[in-house]
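Dear colleague,

Please find below the structure that I am handing over to you, together with its sequence. My findings follow after it.

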Amino acid sequence: MLELPSSIEDILSGVTAVIITHNHIDRWDSKAINTIHKDMPIFVQDEVDQHSIINDGFTDVCVMNMKTKFHNITFTKVTGQHYENSDVKKMLENDFNTSKTMGFYLSTPSEKSILFTGDTIWFDSLENNLEDLKPDIVVMNSGGNGFSVGRLILNAQDVFKIHETLPQSLLIASHMEAVNHWTTSRTELAAMAEKNGFESKLEIPKDGDILTL
């Protein structure tokens, strides 16, 4: 893991809700539990994660439905697949209690629509959701992280598939060169985009960068 570029308090300033794509240690840990206000609205993928986070002392934990309204924003739940094969699935279930995950799509009349893939590989449901929702922006967990038995999330080839599916959308690469089992570097991803002619449609932020969209 990498050190945060600013304090947790600064990051949380102005935050009105938290979305937890899945209850793994790199998404929800003791620091989050002890720092986030216990009355913060939190959205999770299923009742298992809901009960776990309520047990952590949080009082406003909701399961994200296929469509959920929060103020003037519509959340659309997007199915993820956090494993490349059955061996990875089994490892996640044995060592991290779950292999389930989700992404989400945010839309509001006054802003560009944005889809966060969450921790997923490229698979039919992701392709179908991209084609159906047609987000203006896609934030991708694209570090190619995995174990010896298989991959956990998107890699450079998958990013190219997302571009082919949505050639007009802006793609933002996240989850890059963080956690010690990454396999896709920022340099590799940038080179792939340039080779295939879509470097102007791909943002690869450095740690601590802030993008205004």
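Strand E1 and strand E2, the latter spanning residues 42-44, pair in the parallel sense over two bridges. Please bear in mind that this is a predicted model. Within this pairing, Ile19 stands opposite Phe43 of E2.

The two strands belong to an open sheet of three strands, ordered E1-E2-E3, in which the pairing is parallel. E1 (18-19) and E3 (61-63) each have a single partner strand and stand at the edges, so one side of each is left without a neighbour in the sheet. In general, the strands of a sheet pair through backbone hydrogen bonds, in either a parallel or an antiparallel sense.

Most residues other than glycine have a negative phi.

His71 is not a glycine, yet its phi is positive, at about 55 degrees. This residue lies in the loop between strand E4 (67-70) and strand E5 (73-79). The relative accessibility of His71 is 67%, and the cut-off for an exposed residue is over 50%, so His71 counts as exposed.

His175 likewise has a positive phi, near 60 degrees. Its position is the loop between strand E11 (170-174) and helix H7 (186-195). Is His175 buried or exposed? With a relative accessible area of 15%, against a cut-off of under 20% for burial, His175 is buried.

**The protein as a whole**

The protein contains seven helices and twelve strands. Its radius of gyration is 17 Å, close to the 17 Å that the globule rule gives for 213 residues, so the protein is as compact as a globular protein of that length. Taken along the principal axes, the box filled by the C-alpha atoms is roughly 50 × 45 × 35 Å.

Of the 213 residues, 47% count as buried. Among contacts between residues at least 6 apart in sequence, 60% join residues at least 24 apart.

The accessible surface of the protein comes to about 11,400 Å², and carbon and sulfur atoms account for 49% of it. As for charge, there are 17 positive and 31 negative side chains, and the centres of these two sets lie 3 Å apart.

With kind regards

Note on methods: Residues numbered from 1 in each chain as written. Predicted model: local features only at pLDDT ≥ 70, side-chain atom pairs only at ≥ 80, totals over all residues. Heavy atoms only, no water. Helix = DSSP H or I, 4+ residues; strand = E, 2+ residues; numbered from the N terminus. Rg over C-alpha atoms; globule rule 2.2 N^0.38 Å. Buried < 20%, exposed > 50% of the residue type's maximum accessible area, 1.4 Å probe, protein only. Contact = heavy atoms within 4.5 Å. Areas by Shrake-Rupley, 256 points an atom, 1.4 Å probe, with all protein chains shown as cover. Lys, Arg positive; Asp, Glu negative; His and termini not counted. Charge placed at Lys NZ, Arg CZ, Asp CG, Glu CD. Pairing = 2+ DSSP bridges.
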